[in-house]
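Thanks for coming. I will go through one structure this morning, starting with a term and then moving from the whole chain to its parts.

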Amino acid sequence: MERPLTPKEIVVELDKYIIGQNEAKRCVAIALRNRWRRQQVPKELQDEIAPKNIIMIGPTGVGKTEISRRLAKLAQAPFLKIEASKFTEVGYVGRDVESMIRDLTELAVNLVRNEEEGKIKDKAREMAEERVLDLLLPPSPPKTSPSPALPGTVEAAEAEEQAEADTSHTTRERLRKLLQEGKLDERLVEVEVSDRGLPVVEIFSTAGLEEMDINIKDMLAGLFPKKTKQRKVKVPEAVEILTEEEAQKLIDMDKVVKLAIQRVEQSGIIFFDELDKIASREQTHGPDVSREGVQRDILPIVEGTTVMTKYGMVRTDHILFIAAGAFYVSKPSDLIPELQGRFPIRVELEALGKEEFIRILTEPQNALITQYVELMKTETVHLSFAKEAIAEIAETAAKINERTENIGARRLYTIMERLLDEVSFDAPELSGQKIVIDAQYVKKKLEEFVQDEDLSRYIL
């Protein structure tokens, strides 16, 4: 595993993709660094340090989900993003809340397996190359002498065998060189691959039984003998198939599972989106009963419990939970008190205005303007935007957000699509041309929607 990032480095990485929201970035960076700090303290104290879970509060389209997406890449730890609306109270239609821990464990197993594969990849490839060479140049069968050797012929036979072995070795090395240079890529070889034609068994179950279909599949896999089939493939594909086979033989899955469970327990992170969707108001009828039930089901997992997964028992005491929600209708105080107490850090994200929109359009590595310029380049159309045009786009987005529903930076996507629909449609015929989007063009294209509030409600 690479060196863990410092809080400042985490914020710098997040700044490449997310504009503003410095307080939220700082909170997330500290929480992420605290995972590493806890593992450095004396063993007897580690269990006493509880994770400082976070609630990010802010309107839609200000960067809550984007922070989680980028955090997943920086975490260097098992990371799962889930939506609260997927879960419902046990007994209702929906997923059991414990399934999030099972999903996180599955992710961790895949993560550790990929790391282990990286370590033995070269060795597995060497072994695969040897098997491909065996297919291209099968070893000659040993010669058997039908009659007792005559005096003086033993030495001659040994010399002949030695010469054949030398020739075979030279030919094999020549083939190896051709294989590594890619000169045998068009040759076909026959490889034996396992046939995955197992009976498909799916169980559409209520909450709590998701594991059942997996376990039945595993049992059936043990009952049926492994079938193999012959496939004719090109040499590069054969090398990949055999490399994967050899890697599976070299990886110790017991060690992988043990490490994965340890990673989940010590450094797992769950980003719990749309938390406000399960926060109920004062009334206790209708769907609110189910919402409060979800909160009560989530509580033990956030507090710390043991969840049974197909890889073994997983403790959730030190998994970090980062929750996010717009909290338009409800507010964090509408959550049940026990759950509120488990999220000690609250951070508010600011709404975005014209200045932030200008920066979103131009500054991040994945800026919207850059995306459209690169998309048009594929048609050899050179698209450019004047500064005034970018300011006009940002101002239009801010105006429409004020007058209708405020959907934050997501408004920019709808405006950019509407602005460039003609260019995108005619791009193949505009090949080789240079198109400059200026403020006048932006006003002309969007004027109708800015003036007509009803139209902007439906289209932008």
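When I say contact, I mean heavy atoms within 4.5 Å. Helices (H or I, at least four residues) and strands (E, at least two) are DSSP runs, numbered from the N terminus.

What you see is a predicted model, where local features need pLDDT of at least 70 and side-chain atom pairs count only at pLDDT 80 or more, while totals for chains, interfaces and linings use all residues. Residues are numbered from 1 along each chain as its sequence is written, and side-chain values use heavy atoms, with hydrogens and water left out.

First, the whole protein. It has 18 helices and 11 strands. Of its 460 residues, 40% count as buried; buried means under 20% relative accessible area, exposed over 50%, and partly exposed in between, with a 1.4 Å probe and protein chains only. Among contacts with a separation of 6 or more, 79% join residues 24 or more positions apart.

Now some helix pairs. Axes are lines fitted to C-alpha atoms, for helices over the stretch in contact, and angles run from 0 to 180 degrees between N-to-C directions. Under 35 degrees is roughly parallel, over 145 roughly antiparallel, 65 to 115 roughly perpendicular, and the rest oblique. A crossing is left-handed if the near helix is turned anticlockwise from the far one by less than a right angle, and right-handed if clockwise.

Take helix H14, residues 387-403, and helix H15: their axes come within 10 Å and cross at roughly 125°. H14 is therefore oblique to H15, and the crossing is right-handed. On the H14 side, Ile393, Thr396, Ala397, Ile400 and Asn401 meet Arg411, Leu412, Ile415, Met416 and Leu419 of H15. By class, that contact has 7 nonpolar, 2 polar and 1 charged residues. Here Ala, Val, Leu, Ile, Met, Phe, Trp, Tyr, Cys and Pro count as nonpolar, Asp, Glu, Lys and Arg as charged, and the others, Gly among them, as polar.

H15, residues 410-419, also meets helix H17, residues 439-451, with axes within 10 Å and a crossing of roughly 115°. So these two are roughly perpendicular. Their crossing is right-handed. Ile415, Arg418 and Leu419 of H15 touch Tyr441, Val442, Lys445, Leu446 and Phe449 of H17. That contact divides into 6 nonpolar, no polar and 2 charged residues.

Next, helix H9, residues 253-267. How far apart are its end C-alpha atoms? They are 20 Å apart, which agrees with the 21 Å that its 15 residues should span at 1.5 Å a residue; the expected span is 1.5 Å times one less than the number of residues. Its buried residues are Val256, Val257, Ala260, Ile261, Arg263, Val264, Glu265 and Ser267. Their cover includes helix H2 (22-40), helix H5 (99-136), strand S5 (269-273) and strand S7 (312-315).

That brings me to phenylalanine 271, which lies in strand S5. Is phenylalanine 271 buried or exposed? Its relative accessibility is 1%, so phenylalanine 271 counts as buried. Leaving aside neighbours within four places in sequence, phenylalanine 271 is in contact with Met56, Lys64, Ser68, Phe79, Leu80, Lys81, Ile82, Ile322 and Ala324. Phenylalanine 271 and isoleucine 67 are 204 residues apart in sequence, yet 9.9 Å apart in space, C-alpha to C-alpha.

That is where I will stop.
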